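Visitor: Could you walk me through some of the charged pairs here, and then through the place where the chains meet?

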There are 2 protein chains.
Amino acid sequence: LKAEIIAVGSELLRPGRRDTNGDWLTERLQRHGLEVTGRALVGDDVARLETAIRRAAAAADLVLLTGGLGPTEDDRTRDAVAAAVGAPLVRDPAMVEHIRGLFESRGLPFRSHQAKQAEKPEAARWIDNALGSAPGMLCTIDDALVVALPGVPAEMQPMFETVVVPWIRTRAPSALVRRSLKLAGRMESTVDRAIRDLYDTPELELTILAGGEGIEIQLLARGATDEEARRTAAAVEREIRDRFPEDLYGVDDETLAEVVGRELRRAGRTLSVAESCTAGLLGGAVTAVPGSSGWFRGGLLVYHDDLKRTLAGVPAETLASHGAVSEPVARALAEGVRERCGADMGLGITGIAGPGGGSAEKPVGTVHVALADGSLTEHWGVRLVGDRALIRRRAVVFALDRVRRRLRAERNGS
Amino acid sequence: LKAEIIAVGSELLRPGRRDTNGDWLTERLQRHGLEVTGRALVGDDVARLETAIRRAAAAADLVLLTGGLGPTEDDRTRDAVAAAVGAPLVRDPAMVEHIRGLFESRGLPFRSHQAKQAEKPEAARWIDNALGSAPGMLCTIDDALVVALPGVPAEMQPMFETVVVPWIRTRAPSALVRRSLKLAGRMESTVDRAIRDLYDTPELELTILAGGEGIEIQLLARGATDEEARRTAAAVEREIRDRFPEDLYGVDDETLAEVVGRELRRAGRTLSVAESCTAGLLGGAVTAVPGSSGWFRGGLLVYHDDLKRTLAGVPAETLASHGAVSEPVARALAEGVRERCGADMGLGITGIAGPGGGSAEKPVGTVHVALADGSLTEHWGVRLVGDRALIRRRAVVFALDRVRRRLRAERNGS
């Protein structure tokens with residue numbers, strides 16, 4: 001099965017813009033065994049877009065469009081799909097009422113131009129939008145399924161999963177299995193060296209990615225049957241797990257925060273955080289997981305040094321003699337926040353994210369993390385690389401990974 | 001002058017890949033006043049590529065291809081250009097000798113398949129490659145200049161500068177000026193309605209984007225001279241500023257957090273935050289700005305209700321009678337964090353980010369924000385839409401924007 005992706009919007013053709021929807025769809029389509037044979041970025045121009053849709057429909061089995069479904073003047077995807085189908089746009093009274101209801105339920109005025117979103121060629125079918133007012137639509141052109149999805153990722157992604165994925169399942173005797181293995185605490189080059197012999201595994205493609213969440217090893221296994229592809233992937237996964245028993249924290253879409261949350265819930269424990277250089281990013285990451293109130297109590301943003309004292313109880317003399325970015329301060333933060341938040345565990349972070357504030361002794365990237373549980377307080381000092389944003393993100397991953405390792409070691413009785 | 005970019009290579013259609021040549025060319029072309037009307041990523045397929053070249057040549061004045069000029073089996077750009085021109089590939093003996101000379105001068109064996117790189121349609125012209133063996137080529141199709149460049153950035157970029165830029169200079173005596181205006185606190189459709197009359201401004205293109213940071217209005221102005229384009233952009237910017245004097249918070253790459261930081265510094269004031277549903281995202285956003293220690297003191301992550309009491313001093317009876325997501329709790333959080341962090345201003349957020357926790361009275365998306373400065377505590381209640389991640393991001397933008405508006409009003413003496 002072949003697929004083409006068309007991202008709609010003149011803004012995508014400006015410098016510095018990225019077609020992140022197309023990137024996401026490429027990844028998903030390939031995960032489901034489709035080959036992406038082309039991608040296009042097209043401005044808000046009906047004729048140009050119509051040509052792109054026709055060409056893509058002639059070349060592929062599935063054409064995915066993103067963007068241009070809103071109510072404004074420059075939202076032209078509906079017009080272009082109608083032109084490509086060769087049928088006029090017809091307003092659907094039931095959809096007008098649905099959108100009107102959405103506005104009313106939110107206490108917003110429904111204005112006439114919003115009704116534009118309720119227009120489609122007669123033969124097209126609606127795709128419900130659970131989060132926004134612009135519905136998607138699908139139709140057939142040249143034996144290809146053409147699907148128009150909104151440009152807002154949070155709206156587009158669930159529509160892809162509920163409509164496109166089931167369609168693929170019925171068409172593609174999927175003999176492609178994809179698996180991502182996620183590792184923290186290792187460098188890309190170390191991982192590469194350790195698994196190099198697996199690159200030659202028949203029917204398997206291995207890719208290593210280094211992102212903000214550590215290292216990701218992507219496996220793409222092929223087989224005559226699903227069962228066969230799955231067997232190949234499972235064998236290689238077992239091999240990699242054996243080589244990184246402690247660093248491998250999750251698979252596929254699992255985030256480190258989700259894994260930490262699961263371990264905390266399993267252990268029946270709660271976490272609190274005291275953040276200096278990350279100033280909220282750690283708390284934000286932990287609570288991105290639905291249900292995090294079950295294991296996260298809260299924390300302290302001790303950005304200024306006097307708050308390290310007054311809010312977290314770090315002794316003034318510790319700050320004075322060691323400096324705010326130091327092991328003793330990280331330890332005192334972890335112990336202080338644990339007690340003041342009434343949590344089982346306290347995690348403290350202090351560091352220098354840059355661009356200013358570094359010195360020869362404590363350069364930008366110096367980060368101290370401590371974890372206290374009432375009986376033991378552990379400490380780790382690291383030197384992280386990157387710009388301000390990357391150092392802060394890496395500090396969050398480093399700190400969360402320490403919690404994961406501690407809970408894992410306890411669970412294994414060590 | 002309109003341009004289209006085609007990146008060639010099946011590897012570009014794999015997940016995690018990026019068309020960095022296309023990104024670079026987009027930036028350069030727009031710097032030289034061309035409008036990029038479309039971009040495509042095409043695999044190593046002659047028929048598919050030929051269609052893409054023909055379509056682009058029909059739509060634009062300049063078509064740039066990158067990649068697919070090497071000596072291997074899957075380098076098919078030459079074949080596709082020949083097919084689009086409608087003429088056969090002819091081997092150029094002089095170019096064969098040139099390439100052979102390159103190999104010999106490097107002490108490398110010249111193999112027969114390398115001669116493939118010396119083939120072009122008769123009417124096409126060579127473009128010298130100063131760094132590699134694959135020459136580029138240019139020809140005319142449908143009155144459009146079609147230029148094929150290698151995929152290696154270090155080879156492609158100088159060829160663009162030496163051949164394409166001089167061609168543009170002789171054709172396009174026009175300048176292009178770009179400007180982004182950023183607004184918070186307005187819906188996309190409201191902004192669209194309010195500026196609809198400006199869509200017809202001659203020599204101007206207006207685009208509205210709704211992102212996580214509010215609404216962005218992009219202006220793209222054209223003129224015979226830089227001065228003229230600048231005048232058009234400035235006139236429209238003034239007009240939009242007049243219509244949204246309070247909502248327009250910044251231009252171009254400015255973030256809301258940067259603007260708030262600047263206003264705080266200008267006013268000589270400091271901020272602190274008490275976060276429940278955002279649990280650190282607000283602090284994280286404020287401290288993403290380098291130098292934020294000058295205006296941000298710190299904060300409290302009062303995720304659990306008892307921490308709203310113990311850390312921020314919200315009275316137990318307020319929590320009991322109004323619930324954690326309520327105006328009185330938001331007010332008490334703002335006042336409490338202001339005092340406990342020794343800041344001039346305290347910002348409190350409490351809300352329901354979902355997916356669980358909503359009720360008929362307080363559905364998911366209900367957010368209360370309060371801002372205290374010692375003399376006055378203001379409160380705002382909103383109902384935000386989106387999934388958990390989007391509601392949290394929108395709550396951060398809403399809260400930051402309240403600080404910006406307060407400081408702005410004070411500065412204007414109101």
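Visitor: Is B:Arg55 buried or exposed?
Guide: In this predicted model, B:Arg55 counts as buried, because its relative accessibility is 15% and the cut-off for buried is under 20%.

Visitor: And which side chain does B:Arg55 meet in a salt bridge?
Guide: B:Arg55 meets B:Glu4, with 3.4 Å from N to O. B:Arg55 lies in helix 2 (residues 46-59) of chain B and B:Glu4 in strand 1 of chain B, so the pair ties together parts that are 51 residues apart in sequence. B:Glu4 is also counted as buried, at 1% relative accessibility.

Visitor: What does B:Glu4 pair with in chain A?
Guide: B:Glu4 forms a salt bridge with A:Arg48, the closest N and O atoms being 2.6 Å apart.

Visitor: Switching to the whole interface, how many residues are in contact?
Guide: On the chain B side there are 73 residues in contact with 67 residues of chain A, and the area buried between the two chains is about 5600 Å², with carbon and sulfur atoms giving 55% of that area. The rule finds six salt bridges across this interface, and strand 2 (residues 35-42) of chain B gives the largest share of the side that touches chain A, namely seven residues.

Visitor: How does strand 2 of chain A pair with strand 2 of chain B?
Guide: The two strands pair in the antiparallel sense over five bridges, and A:Val42 stands opposite B:Gly38 there.

Methods. Residues numbered from 1 in each chain as written. Chains lettered and ligands numbered in written order. Predicted model: local features only at pLDDT ≥ 70, side-chain atom pairs only at ≥ 80, totals over all residues. Heavy atoms only, no water. Contact = heavy atoms within 4.5 Å. Buried area = accessible area lost by both parts, 1.4 Å probe. Salt bridge = Lys/Arg side-chain N within 4 Å of Asp/Glu carboxyl O. Helix = DSSP H or I, 4+ residues; strand = E, 2+ residues; numbered from the N terminus. Pairing = 2+ DSSP bridges. Buried < 20%, exposed > 50% of the residue type's maximum accessible area, 1.4 Å probe, protein only.
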